Amino acid sequence: MNKTADAILLVEDNPDDAELTKLALSRHGLDGRVTHVSDGMQALDYLFRRNQFVNRPGSNPVLVLLDLKMPLLDGIGVLREIKSSDVLHNIPVVVLTSSTEPSDLLRAYDAGTNAYIAKPTEFSQFLSAMKHVCEFWVNINQTAPPLATAGVRSTGFGELL
C-alpha cells in the first residue's frame, strides 16, 4: 500500500461538516487525498465502482470516515455493506458523527466499525481529534493487503493454490 497516495473516503451529507473535515485533514498533510461523497448510496457506488464511479482510478481507500445520519442510506447501512463484502471488509471505517446516543454507538460497533468519534463542537478539539485519526489510521495502522483470489481455491481445510 502506498500511504502517500491512497485516498480517504469521507461520507458526510452536511457540506459545512465536510469542508471542516477536509480542512482539518489538509492541515495534517492529507490535502488532495480526500474523496467526499454526500450520502450512503454514493459511498457504496464509489467503493463498488458503480454508476458515476465505474471508471474511478486508484485502489480502494485506506480509510473511510463515515457519518451516521444521512439521506438515502444511513451510515449503519453503509457500514454493514462494507463489512459484509469479501473485497471491502478489511478497510478501516471510523464513524465520525455528532451523535453520542448509546444506541448509535452500539449499532455502529455491532455493524463492525473500527472506531467511533463524536465530533467535538470546538474547532481546536476537532483539529486535535483529526490529528489523532491521521496519526493512527493513516500513518501507523497497517491495513490488510487486497485479496489475491486468482489461483486460490477455498476448501474445508483452508485454501489450496
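View 1. Y46 and F53 are both buried, where buried means under 20% relative accessible area, exposed means over 50% and partly exposed means in between (1.4 Å probe, protein chains only). The model is a predicted one, in which local features need pLDDT of at least 70 and side-chain atom pairs count only at pLDDT 80 or more, while totals for chains, interfaces and linings use all residues. Residues are numbered from 1 along each chain as its sequence is written, and side-chain values use heavy atoms, with hydrogens and water left out. A pair of aromatic rings is described by the distance of the centres and the angle of the planes. Rings of Phe, Tyr and Trp (its six-membered ring) pair if their centres lie within 6.5 Å; planes under 30 degrees apart count as stacked, over 60 as edge-to-face and the rest as tilted. The count by this rule is one aromatic pair. Y46 and F53 form that pair, edge-to-face, with 5.3 Å from centre to centre and 80° between the planes. The charged end of R56 sits over the ring of Y46, 4.1 Å from the ring centre (NZ of Lys or CZ of Arg within 6 Å of the ring centre and within 35 degrees of the ring normal).

**View 2. Helix α2, residues 40-48.** Helices (H or I, at least four residues) and strands (E, at least two) are DSSP runs, numbered from the N terminus. At the start of α2, a side-chain oxygen of D39 comes to within 2.9 Å of the backbone nitrogen of M41. Buried in this helix are G40, A43, L44, D45, Y46 and L47. Their cover includes β1 (8-11), β2 (34-37) and α3. After α2 comes R49, with a positive phi near 55°.

View 3. G112 follows α4 and has a positive phi, near 110°.

**View 4. D17 in helix α1, residues 15-26.** D17 counts as partly exposed because its relative accessibility is 25%. Leaving aside neighbours within four places in sequence, D17 is in contact (heavy atoms within 4.5 Å) with E12 and K119. D17 and T97 are 80 residues apart in sequence and 9.7 Å apart in space, C-alpha to C-alpha.

How values were computed: Polar contact = N/O pair within 3.5 Å; in protein donor to acceptor, adjacent residues only side chain to side chain.
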